[in-house]
Amino acid sequence: SDQHVGDLALKLDCGHAFHKRCVWPWLEKHCTCPVCRYDLKEAGSAGKHRASREAQQRDAHTARRQAERAAHAAELEARRVQLANLSSAGETSGTSRNGDHDDTTPNSSVNGETRDFAALSVPRLQALVQAHNLANDAVANHEDRVQAVHHALDVAHVVQLPVRTLKQRLDTAGVDYAAVTEKRELAELVVTATTASLQRWLTANP
């Protein structure tokens, strides 16, 4: 026999396999399998149609994901704006209502989020940080607490946390992440959940 293990074979769509040099003369004259007469031309058209349909489905899925990400980013930004407004509501630029903290740092020297939380009184910021477990007990400095809140709302910082930690935080917040496949999306969900939680806390603790 001219057939040997390891010889190059040509497998048709019907599943039959042949030595290329043996079946090629037949295929040059016919569009069917020499054994079962399976129509290879129709199979080729069906395969192209299936590939086209799968490509369309992938494109549609990508478009949906991009739209969801854009909507999520818009929601996150809106929540951050609301949170900034809540964090500064009722606070003055000088002595706080509780008389505990005198923030004389020029507003232009820090970014919006940090400035707003720096304006919170010492007791209020400390309670907020403790309620959300944003820093350990060793953090006693007001500026460090402000930075801890800022980090909790910064996707670029949160995304550096382990995936397990991100999922634990989402579990605690009761957020469904079953459909999320990328770590950054998990981090964005964590930030959104933290933002919403801070909003509720600031509203309930004016």
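I began with α4 (122-131) and α5 (142-152), and α4 passes α5 in a left-handed crossing. By left-handed I mean that the near helix is turned anticlockwise from the far one by less than a right angle; clockwise would be right-handed. Helices here are DSSP runs (H or I, at least four residues), numbered from the N terminus.

A note on the source: this is a predicted model, where local features need pLDDT of at least 70 and side-chain atom pairs count only at pLDDT 80 or more, while totals for chains, interfaces and linings use all residues. Residues are numbered from 1 along each chain as its sequence is written, and side-chain values use heavy atoms, with hydrogens and water left out.

Back to the pair: I found the axes of α4 and α5 10 Å apart, at an angle of about 45 degrees. The axes are lines fitted to C-alpha atoms over the stretch in contact, with angles from 0 to 180 degrees between N-to-C directions. That makes α4 oblique to α5 (under 35 degrees is roughly parallel, over 145 roughly antiparallel, 65 to 115 roughly perpendicular, the rest oblique).

Which residues of α4 and α5 meet? From α4 I listed V122, L125, Q126, L128 and V129, and from α5 H142, R145, V146 and V149. Contact means heavy atoms within 4.5 Å.

Next I looked up the largest nonpolar core, which has 16 residues. Such a core is a set of buried Ala, Val, Leu, Ile, Met, Phe, Trp, Tyr and Cys residues joined through side-chain atoms within 4.5 Å. F117, L125, L128, V129, L134 and V149 touch the most other members. Two or more residues each come from α3 (112-118), α4, α5 and α8, and α5 gives the largest share, 4 residues.

I then followed L128: leaving out residues up to four places away in sequence, L128 touches L134, V149, L198, W201 and L202. Apart from this core lies another, of 10 residues, including V155, L166, L170 and V191.

My last stop was E185, in helix α8 (residues 183-204). Is E185 buried or exposed? E185 counts as buried because its relative accessibility is 11% (buried is under 20% relative accessible area, exposed over 50%, partly exposed in between, with a 1.4 Å probe and protein chains only). Beyond its neighbours within four places in sequence, I found E185 in contact with R65, R69 and V180.
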